[in-house]
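This report goes through a few local features of the structure below. Please keep the sequence and the structure in view while reading.

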Amino acid sequence: MLGDDAALAQMVDSLRAHLPKAGLDHGEMQQVGARLPASLVRQAKRRTGLSSNTDLLIVALANLALEDAFADAFEAAHGQLDPELDIGF
């Protein structure tokens with residue numbers, strides 16, 4: 001893993017840690033096949049530090065499955081609070 005990609009390494013570790021908490025680490029296994037550009041796979045492996053295609057796909061799918069919806073929730077809440085609400089600032 002390159003030093004510039006430390007944040008990405010942390011994200012990969014975090015994704016892996018959250019899979020069991022979300023119940024996404026067990027159950028029936030499914031084989032997935034895909035034809036992908038070799039350059040895309042090489043770059044993704046380089047950035048993540050992963051060497052296995054399976055691990056790479058697990059991290060990619062976990063990133064989608066565990067996506068943080070904070071931005072959407074924040075945008076949806078816009079204008080919902082009373083402007084006079086005292087939040088201590």
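E75 is exposed, with 61% relative accessible area. The model discussed here is a predicted one. E75 belongs to helix α4, which covers residues 70–76.

Which residues form the negative surface patch? The patch is made by E67, D68, D72 and E75.

## The salt bridge

Side chains of opposite charge can pair when their charged atoms come close.

The salt bridge count for this model is 1. The side chains of R16 and D55 form a salt bridge, with 3.5 Å from N to O. R16 is in helix α1 (residues 6–21) and D55 is in helix α3 (residues 53–65), so this pair ties together parts that lie 39 residues apart in sequence.

Are the two partners buried, exposed or partly exposed? R16 has a relative accessible area of 37% and is partly exposed. D55 is also partly exposed, at 30% relative accessibility.

## The nonpolar patch

L36, L57, L61 and L64 make a nonpolar surface patch of about 390 Å². One of these residues, L57, has its place in helix α3. L57 is partly exposed, with a relative accessible area of 36%.

## T48 in helix α2

Helix α2 runs over residues 38–48 and contains T48. Is T48 buried or exposed? T48 counts as buried, because its relative accessibility is 12% and buried means under 20%.

The side chain of T48 has a polar atom 2.8 Å from the backbone oxygen of A44.

## N53 in helix α3

N53 is a residue of helix α3. The relative accessible area of N53 is 46%, and N53 is therefore partly exposed.

How far apart are N53 and R42 in sequence and in space? N53 and R42 are separated by 11 residues in sequence. In space, their C-alpha atoms are 9.9 Å apart.

Methods:
Residues are numbered from 1 along each chain as its sequence is written. This is a predicted model: local features need pLDDT of at least 70, side-chain atom pairs count only at pLDDT 80 or more; totals for chains, interfaces and linings use all residues. Side-chain values use heavy atoms; hydrogens and water are left out. Patches are made of residues with over 30% relative accessible area and no salt bridge: like charges are joined within 9 Å, nonpolar side chains (Val, Leu, Ile, Met, Phe, Trp, Tyr) within 5 Å. Accessible areas come from the Shrake-Rupley method with a 1.4 Å probe; for residues, only the protein chains shown count as cover. A salt bridge is a side-chain nitrogen of Lys or Arg within 4 Å of a carboxyl oxygen of Asp or Glu. Lys and Arg count as positive and Asp and Glu as negative; His and the chain ends are not counted. The place of a charge is taken as NZ of Lys, CZ of Arg, CG of Asp or CD of Glu. Helices (H or I, at least four residues) and strands (E, at least two) are DSSP runs, numbered from the N terminus. Buried means under 20% relative accessible area, exposed over 50%, partly exposed in between (1.4 Å probe, protein chains only). A polar contact is a pair of N or O atoms within 3.5 Å; within protein, one must be able to donate a hydrogen and the other to accept it, and residues adjacent in sequence count only if both atoms are side-chain atoms.
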